[in-house]
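Please look over the structure below before reading on.

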Amino acid sequence: MSTVADRASRATREASSERGKAIANILFNAGLAALFIGLFVQAGDLPSSMWEPLGAGSFPRLILGALVLFNLAIMCQSMMALRHADPTASVGAGRWFMQRRLAFATLAAFCAYALLMPWLGFALSSLLFLLVVQIILGARSGRRLLVACVIAVVFGPGLDALFGHVFMIPLPSGRLW
Amino acid sequence: MPMTDALLGSVEQLFSLATLVSMMIGVMAGVIAAAIPGFTITMAIVLALPVTFTMSPLQGVATMLAVYVGGGSGGLISAALLGIPGTPSAVATTFDAYPMARKGEPGRALALGIWASFFGALISAVVLIIAAPPLALIAVKLGPWEYFSLILFAVTVVASLVGKSVLKGLMMSLLGLFIATVGPDPMMGVPRFTLDVDVLAAGIPFLVMLIGIFAVSQLASEVENPTELKQGQALVRGKMHFRPFGVMREVLSRPGNLLRSSMVGVVIGAVPGAGGSIANLIAYDQAKRASKTPEQFGTGIADGVVASESGNSATAGGGLIPMIALGIPGSAVDAVLMAALMVQGVSVGPRLIMNNADLVYGMFLAMFLAAGMVLVFCLISMRWFVRITEIPKSIIVPVVLVCCAIGALALNNRVTDLYLLVGVGLVGYLLAKLDYPLAPLVLGVILGPIAETNLRRALMADENWTLFFTRPISAMLLLLAVLSVALTVRRLLKKRRTASP
């Protein structure tokens with residue numbers, strides 16, 4: 001029953017973000033089109049070859065030109081969708097982010113994990129990452145927290161030892177020690 | 001190399017203790033990963049890739065095939081016991097396996113699925129062995145014009161079949177083709193779009209892209225809903241009764257359904273972009289149409305489980321046909337397998353079977369071996385399957401993210417690859433939220449260098465570009481590419497018209 005309710009809530013969330021999606025699509029494709037035009041111009045400077053009619057820049061230019069056309073087509077499609085979307089049913093960008101706060105928090109933790117790894121090394125940064133993300137995702141009570149600690153030790157320092165000693169694939173050891 | 005020598009050489013490599021052990025671990029990993037709702041076979045195989053770097057090419061690819069074939073069966077566990085498909089390729093399995101389990105026959109539902117998967121994988125391996133070598137012989141005769149058109153066809157088919165919008169699918173394919181141009185030019189070696197950044201000097205690392213796109217972004221999607229995090233309350237409880245050999249006879253007593261569904265899986269698997277997620281639904285639909293009692297489908301009958309499970313498992317062999325014969329992956333999973341071979345220095349293309357016969361025959365044998373291992377493993381451990389579905393996502397997600405980090409680090413041990421992984425994962429997540437399909441992007445990246453090289457070779461051989469339209473096979477492939485897009489646009493417009501009053 002709860003599964004059905006979860007699926008329904010997800011469907012409602014997706015439906016209520018149609019207007020936001022259309023706006024995001026327009027902005028995203030406008031940005032991409034500008035980037036691709038810049039790269040198209042840059043590709044013109046790539047050297048040509050005396051042995052073949054196409055130089056190093058021809059294929060990328062062909063693709064970039066087509067990409068700009070697709071960006072424009074998607075922008076037109078999104079503008080039409082925006083006109084038909086019900087503005088009263090849409091959610092704001094802030095709420096959209098709030099609804100996905102756990103996903104963004106997990107990605108933010110993953111980003112911090114990547115930044116810390118050169119300093120702390122794989123074993124310690126993984127241990128901290130595993131513990132923090134499990135706490136973010138709800139492992140806050142006694143037994144679940146204990147399980148989270150065990151998981152953090154097994155899959156942090158444990159995996160480091162497995163890859164380093166068994167598979168002979170060394171993982172970063174950290175600059176601080 | 002004569003066929004018998006190649007076969008004997010591959011048998012020797014495949015039946016070594018190290019390969020058998022790594023394949024068994026691969027089977028277990030595939031079954032377990034696919035049994036967890038939200039974790040796809042692609043994710044499992046992407047994460048298995050870094051572990052295979054230290055292995056020989058055959059051991060590595062056999063291990064990944066074991067994960068692939070294991071994953072084909074694992075999705076049925078949560079489909080039968082929770083009513084939630086463990087992978088998208090087990091959607092149709094829920095239609096009959098779950099009602100059967102709810103009616104007090106969970107053991108029968110699981111055993112039916114396991115045997116149907118086994119026979120589906122076996123049939124697909126036989127078709128692969130029969131079809132791939134002659135197709136490769138034809139493929140080596142194709143010129144660069146035909147090859148370029150073939151890639152264009154593959155790209156349009158993928159873009160048309162995946163996702164809700166053809167425009168977005170095509171855009172992602174093109175984006176993939178563009179990403180592939182970053183790094184040295186394939187003909188002249190000139191650096192392109194590298195921004196003088198070291199990490200881009202050899203091109204965007206493909207493995208990092210794969211992990212970011214298929215694992216990190218997918219994992220972020222899995223933790224969106226707080227109420228879904230405590231996943232794992234099995235809806236089917238109580239003692240399970242198994243009669244594995246009685247059920248085997250039950251499956252074999254439906255030869256028509258088994259053969260038809262497996263062939264549907266093989267054909268759909270061979271079409272680029274259309275994998276198990278489509279095959280199981282079409283196989284189920286075909287079985288229902290052919291049945292004398294179609295009204296019983298969906299109530300928990302054996303035919304429904306057999307159709308879906310044999311259909312999705314048969315895509316494994318089907319997907320390998322274009323990869324081995326043409327060097328074009330049939331699905332994202334095959335793209336990862338292709339990447340694994342490329343990392344090992346094996347050139348994948350129509351000459352693969354001629355230049356690396358022992359490897360290809362080893363892959364054929366590995367398919368049979370993996371199917372057998374999955375069967376044995378599943379039949380032995382079926383009683384504990386229900387436990388797998390009870391692991392909460394709050395544990396799985398961070399653990400798999402750490403595995404993703406290892407995957408990104410394993411190839412070059414560069415922390416910059418890890419930063420790239422985070423970036424690709426975030427972009428992939430946002431793209432998925434905006435309904436951009438990610439599979440065409442990955443296939444575009446892997447097909448990009450092949451497309452560019454063939455286009456340039458074709459125009460080097462003859463500057464007349466109309467040859468793309470006048471050479472019969474090339475013209476036919478281009479026509480098919482246009483048709484695939486046109487038919488999808490027509491289907492989507494029809495769907496939209498029926499949806500709006």
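In which helix do B:Tyr361 and B:Phe364 both lie, and how many residues apart are they? In this predicted model, both residues belong to helix 16 of chain B, which covers residues 357–381, and they are three residues apart, or about one turn of that helix. The points below begin with this pair, go on to the other aromatic residues, and then turn to the interface between chain B and chain A.

**Aromatic pairs**

- Over all chains, the structure holds 18 aromatic pairs.
- In one of them, formed by A:Trp96 and A:Phe97, the ring centres are 5.2 Å apart and the planes make an angle of 85°, an edge-to-face arrangement.
- The pair B:Tyr361 and B:Phe364 has its ring centres 5.7 Å apart and its planes at 85°, and it counts as edge-to-face because that angle is over 60 degrees.
- Ring pairs also join A:Trp96, A:Phe97, A:Phe104 and B:Tyr429 into a cluster.

- A:Trp96 is buried, its relative accessible area being 17%, whereas A:Phe97, with a relative accessible area of 43%, is partly exposed.
- In helix 16 of chain B, B:Tyr361 has a relative accessible area of 13% and is buried, and B:Phe364 is likewise buried, with a value of 2%.

**Extent of the interface**

- On the side of chain B, 70 residues are in contact with 73 residues of chain A.
- The two chains bury about 6,100 Å² between them, and 77% of this area is on carbon and sulfur atoms.
- Within chain B, the residues that lose the most area to chain A are B:Leu167, B:Phe193 and B:Ile406, which together account for 10% of what that side buries.

**Polar and charged contacts**

- Between chain B and chain A there are three salt bridges, including the one that B:Glu224 forms with A:Arg100, in which the closest N and O atoms are 3.8 Å apart.
- Seven residue pairs are in polar contact between chain B and chain A, with both residues at pLDDT 80 or more.

**Make-up of the chain B side**

- The elements of chain B that each supply at least two residues of the side touching chain A are helix 8 (166–179), strand 2 (191–192), helix 9 (206–222), helix 18 (393–412), helix 19 (415–433) and helix 20 (439–461).
- Helix 18 of chain B gives the largest share of that side, with 13 residues.
- By residue class, the side of chain B that touches chain A consists of 47 nonpolar, ten polar and 13 charged residues.

Notes: Residues are numbered from 1 along each chain as its sequence is written. Chains are lettered from A and ligands numbered from 1 in the order in which they are written. This is a predicted model: local features need pLDDT of at least 70, side-chain atom pairs count only at pLDDT 80 or more; totals for chains, interfaces and linings use all residues. Side-chain values use heavy atoms; hydrogens and water are left out. Contact means heavy atoms within 4.5 Å. Buried area is the accessible area (1.4 Å probe) that two parts lose on being put together, summed over both. A salt bridge is a side-chain nitrogen of Lys or Arg within 4 Å of a carboxyl oxygen of Asp or Glu. A polar contact is a pair of N or O atoms within 3.5 Å; within protein, one must be able to donate a hydrogen and the other to accept it, and residues adjacent in sequence count only if both atoms are side-chain atoms. Helices (H or I, at least four residues) and strands (E, at least two) are DSSP runs, numbered from the N terminus. Ala, Val, Leu, Ile, Met, Phe, Trp, Tyr, Cys and Pro count as nonpolar, Asp, Glu, Lys and Arg as charged, and the others, Gly among them, as polar. Rings of Phe, Tyr and Trp (its six-membered ring) pair if their centres lie within 6.5 Å; planes under 30 degrees apart count as stacked, over 60 as edge-to-face and the rest as tilted. Buried means under 20% relative accessible area, exposed over 50%, partly exposed in between (1.4 Å probe, protein chains only).
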